[in-house]
Amino acid sequence: MKIIIRSQSELPIYAQIAEQIREQILTGTIPEGAVLPSIRALAREIGVSVITTTRAYGDLEKEGFIAAVQGTGTVVLSRDNELLREQYLKRVEDSLMDAISTARTAGLDKKELFDVLEALWASEEEV
Amino acid sequence: MELLEVRGITKKYAKFTLRDISFSLPAGYIMGYVGRNGAGKTTTLSAITRLIRPDSGTVTIDGLRFEDDPIAYRDSIGYIGDSSYFPRRMTLRDIRTVLKDFYPSFDAAAFDALAEKWELPDKAQIQTYSRGMKVKLMFAAALCRETKILILDEATTGLDPRVRREILKLLQDYIADGKHSVLFSTHIMEDLQDIADYIFFIERGEKVFCEPKDDILESYLLVKGGPEELTPELERLLIGVEKHDYGFQALYPTDSALALPPALSAEKPTIDQIVVHILEGRE
Amino acid sequence: MRILKFAHLDYLKTSRMNYMLLLFPILAAVMLLASADGSALFAVGYCLFAGIVLAAFPYNLTSESERGFLQMLPARPGEAVLGHFLYGLCMVLASFAVGMLAVVICHLVQPALTILRVDGTDVSGLYLALIGVALLFTGLQSLLMTALRLENIHLVQIIRIVPAFVFFFGFNKGLDMTEAMPDFGIGPGLAALGACLGIYGLLALISRAITIRRGE
């Protein structure tokens, strides 16, 4: 697991931590079932306050990425988890909204947008 | 009930009064106690360690007041100050003897190990120690026995950054089991910027605020702009405006009704900047 | 007991100064042997003077921040002061012991030098009385040190020295008076010592009360 805090970042530290862990879970860098360091161990390791890591984990828990398991610690939840799907869905929506808004600015119509989508999907499948 | 509860501490001196200081610190967290020199940090801490007796108010550590059991109360505090309190002609060995005599939970082996790790000479008089060594000795004395709370009064002032980093790591180790807490007074706010969970800001003997550090950081933005961009409306809203010939700098409360003009530069402030601007705003 | 531990702490704090315990008897012995009409009583008194001075060291080797160390130790308020008094008692007794030792050695060297009888008068009890008087002054000194928390360090140092020097000049004068004195045997000596010990204890308790009232 990799966590890097950038003080220049616009995001508060807890948000940076949450985002980085979220990314790594979504990309599979942190596998499901993996046990994350405890809130306090993480705080000590990266040199931030306990409340900060608590909040980061709290957010991730609410989003359905992790859960505290008695006796084991904080565990990464399986990726077919319902809440997780919602997260993925939201990201897709956000990206598509971006695409739509850009398309409109560029003067593309719906059909042209769909064509782009189809082409991209097809090339992804070949990879 | 939290590990440390301070309620209504008041202490009057000829030229200074500490007024109605109250706060609590739950077990497992670090609270930074910040303020200018002379604002009342040391007085507050002295009232908690009972180096002085407050005129009114109560302090409980794990539910215990000093009056209930002075021995247990003193035993539960590990204190590290900015000057060495060890009798200066004593040696490390003498101090080990005294600590063993008075503190049943003192672990002499751990103490020796720490002294060796930090290269603290065994037979030299304390007065020959450098400042850094004296602070390390105070830490060794506090860490090698069972305590509930560590109280630091400007303990890191004057130490080089490497040693300060070491000490901050020690503090985080100390709270790692969630049962111990640290109260850390300093005017070097970089030390608190990262590891403090709560910040208590005191000025002229009174509380300015006591909040979780993350909340404080989110409550303000540090804004900068050109001189023309500082409208009277904006100036009333901003905190601690510093003007110079080519621009200004101030704190902007993020919960303001007035939106921040996009032309201005806005960045996350440090605790230091927040404190400085709030102090300026009060002048 | 914690009071013992405080006295032990005082010893650890001041042990570098304890060479005085040896220095004074040697000086006294030299003076005794050198003079024609030396008084063993005087020699012992001289050593007791050193004891009083030594008893003060735990106080003057303590700066403001070092006082904090004492106060932080887990003990009941007042126990540290009682430790000081116990240490003082030990210093007086120790100085008496080395003083007597010096005097006995001088007697062996110069048998003409009498210890317990001077010109036919029994002065054995005076030795005990001297301890008592030394204790009185030590107690007074400790009480002053406890009660006076003065800002001016020089003033404090002067006040500290006063009881010891009053003792010194006092017993000098007192000894002159013993020229024409009746027997003062062990009995009256013990009585005097006992009374002084009682007063010493009283002074200790008063000091303790002052400390507790101050909230330490």
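Two residues are in contact here if their C-beta atoms, placed from the backbone, lie within 7 Å. Keep that cut-off in mind for the chain pairs; the model on screen is predicted.

**Stop 1: the chains.** Colour by chain. Next, select chain A together with chain C. No contact joins these two chains, and their closest C-alpha atoms are 29 Å apart.

**Stop 2: chain A by confidence.** Select chain A and colour by pLDDT. The mean for chain A is 87, with 95% of its residues at 70 or more. Then pick out two helices. Helix α3 of chain A, residues 50–62, has the highest mean pLDDT among the elements of that chain, at 94. Helix α4 of chain A, residues 82–106, has the lowest, at 85.

**Stop 3: Arg50(B).** Move to chain B and select Arg50(B), in the loop between α1 (41–49) and β4 (56–61). Check its backbone torsion: phi is near 65°, a positive value in a residue other than glycine. Is Arg50(B) buried or exposed? The cut-off for buried is 20 or more other C-beta atoms within 10 Å; Arg50(B) counts as buried because it has 21 such neighbours.

**Stop 4: Asp62(B).** Follow chain B past β4 to Asp62(B), which sits in the loop between β4 and β5 (64–65). Phi of Asp62(B) is near 55°, again positive in a residue other than glycine.

Key: Residues numbered from 1 in each chain as written. Chains lettered and ligands numbered in written order. Predicted model: local features only at pLDDT ≥ 70, side-chain atom pairs only at ≥ 80, totals over all residues. pLDDT = per-residue confidence, 0-100. Helix = DSSP H or I, 4+ residues; strand = E, 2+ residues; numbered from the N terminus. Buried ≥ 20, exposed ≤ 12 C-beta atoms within 10 Å, placed from the backbone.
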